[in-house]
6 protein chains.
Amino acid sequence: MPKKVVTLGEIMMRLSTPDHKRFVQTESFDITYGGGEANVAAALCNYGLNGVFITKVPDNALGQSAINHLRRYGVDTQFIARGGKRLGLYFLEPGASMRASQVIYDRAGSSITDADASEFDFDKIFEGADWFHTSGITPAISDKGTALTLAALKAAKAKGITTSLDLNYRKKLWTADKAREVLTQLCQYVDMCIGPDATLGFHIGDTDVNLTDLKPKDYKTVFGHMREKYGFKYIASGLRESHSASDNRISAVIYDGSTLYQTKQYDVRIVDRVGAGDSFASGLIYGLITGMNAADAAEFGVAASALKHTIPGDMNHATLSEVEELVKGNGSGKIQR
Amino acid sequence: MPKKVVTLGEIMMRLSTPDHKRFVQTESFDITYGGGEANVAAALCNYGLNGVFITKVPDNALGQSAINHLRRYGVDTQFIARGGKRLGLYFLEPGASMRASQVIYDRAGSSITDADASEFDFDKIFEGADWFHTSGITPAISDKGTALTLAALKAAKAKGITTSLDLNYRKKLWTADKAREVLTQLCQYVDMCIGPDATLGFHIGDTDVNLTDLKPKDYKTVFGHMREKYGFKYIASGLRESHSASDNRISAVIYDGSTLYQTKQYDVRIVDRVGAGDSFASGLIYGLITGMNAADAAEFGVAASALKHTIPGDMNHATLSEVEELVKGNGSGKIQR
Amino acid sequence: MPKKVVTLGEIMMRLSTPDHKRFVQTESFDITYGGGEANVAAALCNYGLNGVFITKVPDNALGQSAINHLRRYGVDTQFIARGGKRLGLYFLEPGASMRASQVIYDRAGSSITDADASEFDFDKIFEGADWFHTSGITPAISDKGTALTLAALKAAKAKGITTSLDLNYRKKLWTADKAREVLTQLCQYVDMCIGPDATLGFHIGDTDVNLTDLKPKDYKTVFGHMREKYGFKYIASGLRESHSASDNRISAVIYDGSTLYQTKQYDVRIVDRVGAGDSFASGLIYGLITGMNAADAAEFGVAASALKHTIPGDMNHATLSEVEELVKGNGSGKIQR
Amino acid sequence: MPKKVVTLGEIMMRLSTPDHKRFVQTESFDITYGGGEANVAAALCNYGLNGVFITKVPDNALGQSAINHLRRYGVDTQFIARGGKRLGLYFLEPGASMRASQVIYDRAGSSITDADASEFDFDKIFEGADWFHTSGITPAISDKGTALTLAALKAAKAKGITTSLDLNYRKKLWTADKAREVLTQLCQYVDMCIGPDATLGFHIGDTDVNLTDLKPKDYKTVFGHMREKYGFKYIASGLRESHSASDNRISAVIYDGSTLYQTKQYDVRIVDRVGAGDSFASGLIYGLITGMNAADAAEFGVAASALKHTIPGDMNHATLSEVEELVKGNGSGKIQR
Amino acid sequence: MPKKVVTLGEIMMRLSTPDHKRFVQTESFDITYGGGEANVAAALCNYGLNGVFITKVPDNALGQSAINHLRRYGVDTQFIARGGKRLGLYFLEPGASMRASQVIYDRAGSSITDADASEFDFDKIFEGADWFHTSGITPAISDKGTALTLAALKAAKAKGITTSLDLNYRKKLWTADKAREVLTQLCQYVDMCIGPDATLGFHIGDTDVNLTDLKPKDYKTVFGHMREKYGFKYIASGLRESHSASDNRISAVIYDGSTLYQTKQYDVRIVDRVGAGDSFASGLIYGLITGMNAADAAEFGVAASALKHTIPGDMNHATLSEVEELVKGNGSGKIQR
Amino acid sequence: MPKKVVTLGEIMMRLSTPDHKRFVQTESFDITYGGGEANVAAALCNYGLNGVFITKVPDNALGQSAINHLRRYGVDTQFIARGGKRLGLYFLEPGASMRASQVIYDRAGSSITDADASEFDFDKIFEGADWFHTSGITPAISDKGTALTLAALKAAKAKGITTSLDLNYRKKLWTADKAREVLTQLCQYVDMCIGPDATLGFHIGDTDVNLTDLKPKDYKTVFGHMREKYGFKYIASGLRESHSASDNRISAVIYDGSTLYQTKQYDVRIVDRVGAGDSFASGLIYGLITGMNAADAAEFGVAASALKHTIPGDMNHATLSEVEELVKGNGSGKIQR
């Protein structure tokens, strides 16, 4: 009986230009579907867990196609609500070398933005669940999104389910003040916090530091404060040195209340960078839910994230054994015949 | 010095499935750009006139791409306003045989829906113009759309420019009552009315007839009433017998106040049916603006429309000489070496 | 609670040439997945039923991809066995006009050919099921295939489940004698027989007629004999006049023991002819399981089959309402905006 | 030991727009290679004969690609000369319905236009050959082309090889007067003349009739005159009724000095019309060289030509047995499993 | 009122193999349009200037497509002459790693090669213009090309317009002697010289050095001589270290008569290298025309050139702000959401 | 008269996912054809030799397509036997960065596996031949494959033809014991052995070392033992450091009985890694057969192999001059105009 993980969020149609073309050049879009929490559910199914995704999509062929994409990769979609006005979209222009990737979100008014908590039977959804994961995106898109996220977190905690939140602060969606206020409220119900940044109002000494510049020692300080204030069991963050749109170096840190662990670093040549953070989150959840300690779970997460960079689309189709091999250090890329 | 025709409306990105695929099957979309009045402007440029299109598009790469598409085909885009939230979209699943084509509009909240008349310098736009064309779509999408259309029609009439309106009643955009009210108001400023249907409240005897079932005699009666009430100089309508999504028979009628003329019929095997009505409208305008009589202009329009069915996309890329040849009866499709 | 239908068979990867190319011209294959009984399961899911498909696929990425395809379209794949040597393939070169489509099967040694009945827990599989459907293909491919089919039919009948068998005689897979022997045995457990042909040894008068030449009266005679001998509740057959690889006329006959009903005829312009027979079978099952009489079910089946011809791939993605509309006579193919 | 047929002409790269696009819409070209006499050589190889093609191509990767295309389909390319300035090109925009296909030739200055007879070792080329075929195209493109064609025909006749000439009059390449003068000279060395038209100066009564309007009786008269004047053994012509760019009706006539035979008619739905005439020529040659009488050879030729319309590209990839089946009347297009 | 820049040259259709294929492997070509001076005009439009391109293209659909490509990206094409025999083409096989990209030019006899200066109304063309740019390519292709370039330069100078010339010496088009003679003549009318090489006859000490090996000090010497002889206001040159077809290091030098400035270096991973030099030229012109000093203009130019390497096609679609950001040092390639 | 080289092996259809997609993501396969010995024959034709390939393919359109692929690239296919059950296939999922490429072989029961030596007329095949090359793959796939390989080697030696064997040990095809037994037998007839590994039972000291870890000194020892035991004239091996699926460093060693020569190293950015070993083998053969010494031949081989990594497909389309240039050190990848 595989572990059951429920995630809540939005699934969008992604429209990306082929062959490194810019938006102004393209005559077609490759399409796939993704969204932070949907990506987590799919990756967990991929590793053999029972991933359940809840959201709301319009009752048309585009909404159906999003559901079909999730089903294709094994996600349980039975609790997805249907209705509302439109499927959220995002347009992606993949970058190269010093040209950054461009994302144009077109998600205003999407079905999930006015989904009501009453459309989801949390009792049934969380029946037998082991983990609930969501992010700071849905609360950011609308007040109903905030209410829905809060309701889901409360329902999960009421059932004694472990919860995780990927902060995912997007400054175009809300102000820092609003984010801080809402996330502070949500964090009361969260066991593992991922990707903390300045949003929650933590500082090192006097400075509102850019967390990506932090030294391990600093992380421990900040994470310690966060743990103290919110009672998080784990705090983790993916780290990224972006040399160019083609080459990144990634790693991660995790703090379990006593030790700050920093993972190995991977130099990745990028095929598709989107969803790499979700791959880290899902790897982390997979590790912890299957009994790894924090360090091993973080290593699993960052290896999964490294592999995601080599796979087109938002979702991670690296297999369990591929991730495990990479954790062991086998990254030579030799042909597997 | 070519004649100058100004058109006002929305330009949308069109995303269509390739290779006869259904929405639930596709992994890519072919993209092009279109919209009734934009299609008219492009076709007129194609015939050598000076087509000017006015609209509002978002100030991002997608809005720019729509403008680029218009420029590519010669449309003067200098008066297009930039700003607003998003580019209108529509998704197209081309049908085949007895499977109908499906269109999913995703145009709510597009930039044109909250464009203000003050964003357009009509004095400059209409300087030296010979014709102004618009349709019943923009008034239907928002109150600001109605106001904008009305302002444009008034400005055109004030300058003594001939005006045309393609009624294009879309029942998903507004109610029949609202449509009737608004269109009645707009028609005061219209010289040529295209595609009249039940919207304007005309009846034959006691029945609100389906205009596609009308006999020529009936058209004359209805068109006569319309002419009387609104003072239209010309009233025209494309006719279509849809045998299947692959095969249609098309023709048209036009009334100039004295004679009702019915054009030749064309049996078309369909490559892409979208924009065929706009091709008729633009052919008609081309004919009248270059001095043809109503009958000849309608023949030109319906021949242009027939050719449009053989060309992918919303816009008509049939050349002037191809339309003229087809009017003359040369439709054998022999290879031109 | 939707009706549950179980089907048993093979799912193959289909590799087809794009753009009307011949095999000797192509540099790529479009791929999809299909197989008679898998197609039936998918179509039934499409109409809202609970379709369960059982088969065996290899434990590699190709087998997984076949499962993913089924999941995408809603099929319950939990009982599919994994293992064996390879995924069955078939290569398709779509024809046009007088050039016939070519199929090269490459299914020898596929996983299903040596699947054992013991690999399937029929008790669990048939729990709550309303219908079981299979065909004459699996019994034809190997002795184990025969044994598996027989075991499944027996298990279904033991549970009181309605059963159907699509004879689907393929002369390249077995001899007529062998087919007759095996099918005669299987038919003892079948409630509805589809696509009867000379296989079962019926004759009209002295002649082993080609069933496609039969007159309705003759069908009634033959179907009457079959019913008498095997106790079928329904016997149905799709009919096809193949004018060319591009244009066919289709209809169907069904016999319920008293009346022979012949459906409307549809002239179809073909996008993809493969799977049209499975569409008829699934439409028929849908009709009967939802309470239609034989005639209505056959009309539903043949309308579904007609729409299948307009959709690429083996599986039918026409929606329930599209089929219903076509049954009502609405086949004009007008754009649905 | 298969019969050996030598053909002489140009092979061009063909660049065609995909998906029914017009030139002004396309962002890519599908490429293949073709040319009247090259197509004949390839078709004959396809039927099992030894086809040898002679031409001159530039010594670059494009010339090599043209040769590779010929080799791929079995043509003996060992005698092709290398050098000159460029590979001839032609751009193709396939038509549809009443929109005619457009061809833009870009062959000026191609390598074959200044090929010298001395670059070809006719003694070796014609060693063991049974037939030599060429057309009126090469003589039309340059004086050196005329000289080369004449030299080849003379060399073939000197060896006692049967010769055929497809007149293929192209008014853009030369004047009618020049054509008449040159072709009259060439015809002295020709056994079978294909596609005769007004070029050679024949008239019926007083009128320079359009040969496509001729009645069989008239053909006999004209062909009789031609036979008398040039001593042709056979005169044949393909006939075409072009209903549209999508649908044609084809047949052919052949005259053997006593009887004028008219073949069956085929209604073809067109995938690719280019090279249909060359398919007729190659079918005719195949028939005659393998011992059929004129009527049977013409039936083989027209059936081959019909099948060509269903195959993309210039060359005919219908198999021998497919042509034979169609000659027998089997054109139902049923799937061949 | 944006600055107006006129450029003169050839626009060719570019046909490139997709997916790293070699010419002998491809079955399709991706097409775009480009040419040194056309690329400069398009890039300047992209930065908000008024780019006007003059050339001559054939009066067919291919010539129209080239014009449409220019219009799409905002170039003013109203002064382009129509006529002549053919559109110039070039075939591109993009390299990878140690396999060099291959270019096959097929531009002989193109329309621009026999364009006459009288076909261009320079008075009107240069009305209000701020800059005129051309290159050493057009003079190299024909004597009429030389005459046309000279006439344009003279007309520009007569109007007091700043002029620039990109030497672009192509040894396949003319001999070094002929190049030196013609370019020496043209340089009398040039304010800024780009890409100087051995063509103009300058030497350091005794050696006709390969300029790419020069040290900054040497550049200053050579550029000083050039300045002295021709009176150039600016002399600039892009520098390139080609590690492989996939990775290059680029920078540039510029000399304003007093200082030799060398820009930053960029390591670029190449998507498409063609047009990188034109991007440098257009960036330089943009910088100088908008008031930057030589050093800043060169930095802008080389940053623009770096970005061009990441964009498919000949033309640079990097935005003004992207170039500015890169100049500031922001080349991390992080996703822009 | 070019040298004649005969090779024996299997040619498979290769089906690879496009655009870095994983198997579970793809909706199409790019196809090409390849196989170790076929790749050698094609590369040798590419360098101007007469390459003859012998195998057996099924008598259907897929077998024909494989032959056509060989013919396209100049391989003499006249001795290929037709018949048997199916064409061998392999599915390729190209890797990237730390994600390894995946190969799924589907070659069981292919035509070559039950080809009989009697189907090949070795007398005729080896007439005038200079070299015979095969590998350890065909012997591994079936006992008939072993017998066929042995018969061919014996026939070649009997004619005094130089022979080479690429060991190519594939542990999925046979056990090490079986491999050792069969290969030991075959090696009696081999002049040059390529790619030696542990298969043949050689050890350094006590350890069954992984040959890729060997130092040059060790190679000499091992190769010396091999030479002693089997009488090989040359022993060579390609070396590869796999940094990732995107970047490899390659070189090679060769031993001629006196000197162990190690080639230059090349850092390659990988487009397609498959067939790189065959490129080394064919380069080596080309070098030796045209009179180079062992060191030069190995340099030619490894340069050819380096270039292969930049070319899609199994076969090497680098030209002779490209390889020669790279050997000379010209690997800058500058555009060749």
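The following dialogue discusses a predicted model and the reasons for some of the terms applied to it.

Reader: What makes the relation between chain A and chain F a three-fold axis?

Author: Chain A can be laid on chain F by a turn of 120° with a shift of 0.0 Å along the axis, and the RMSD is then 0.0 Å. That is the relation of a three-fold axis.

Reader: Which residue of chain A comes closest to the rotation axis?

Author: That residue is A:Asp19, whose C-alpha lies at 4.9 Å from the axis.

Reader: How do you know that strand 2 and strand 7 of chain A pair?

Author: Two strands pair if at least two bridges are found between them. Strand 2 (residues 12-16) and strand 7 (residues 89-93) of chain A have four bridges, in the parallel sense; they therefore count as paired. Within this pairing, A:Arg14 stands opposite A:Tyr90.

Reader: What is the order of the strands in the open sheet?

Author: The order of the eight strands is 8(A)-7(A)-2(A)-3(A)-3(B)-2(B)-7(B)-8(B), and the pairing is mixed. Strand 8 (102-106) of chain A and strand 8 (102-106) of chain B are called edge strands, as each pairs on one side only. From one strand to the next, the twist averages 30°.

Reader: Why is strand 7 of chain D called mostly covered?

Author: A residue is buried if 20 or more other C-beta atoms lie within 10 Å of its own. In strand 7 (residues 89-93) of chain D, five of five residues are buried. Both faces are covered, with D:Leu89, D:Phe91 and D:Glu93 on one side and D:Tyr90 and D:Leu92 on the other.

Reader: Which strands of chain D are joined to strand 7 by bridges, and in what sense do they run?

Author: Strand 2 (residues 12-16) of chain D runs parallel to strand 7 and is joined to strand 7 by four bridges. Strand 8 (residues 102-106) of chain D runs antiparallel to strand 7, with five bridges. In the latter pairing, D:Glu93 stands opposite D:Gln102.

Reader: What is the span of helix 2 of chain C, and what is expected?

Author: Helix 2 (residues 61-72) of chain C has twelve residues and reaches 16 Å from its first C-alpha to its last, close to the 16 Å expected at 1.5 Å a residue. Ten of the twelve residues are buried, including C:Leu62, C:Ile67 and C:Leu70.

Reader: How do helix 2 of chain A and helix 2 of chain C cross?

Author: Their axes come within 7 Å and cross at roughly 145°. The crossing is right-handed. The contact is made by A:Asn68, A:Arg71 and A:Arg72 together with C:Asn68, C:Arg71 and C:Arg72.

Terms used:
Residues numbered from 1 in each chain as written. Chains lettered and ligands numbered in written order. Predicted model: local features only at pLDDT ≥ 70, side-chain atom pairs only at ≥ 80, totals over all residues. Least-squares fit on C-alpha atoms with pLDDT ≥ 70 in both. Helix = DSSP H or I, 4+ residues; strand = E, 2+ residues; numbered from the N terminus. Axes fitted to C-alpha atoms, helices over the stretch in contact; angles between N-to-C directions. Expected span 1.5 Å × (residues − 1). Left-handed = near helix turned anticlockwise from the far one by under 90°. Contact = placed C-beta atoms within 7 Å.
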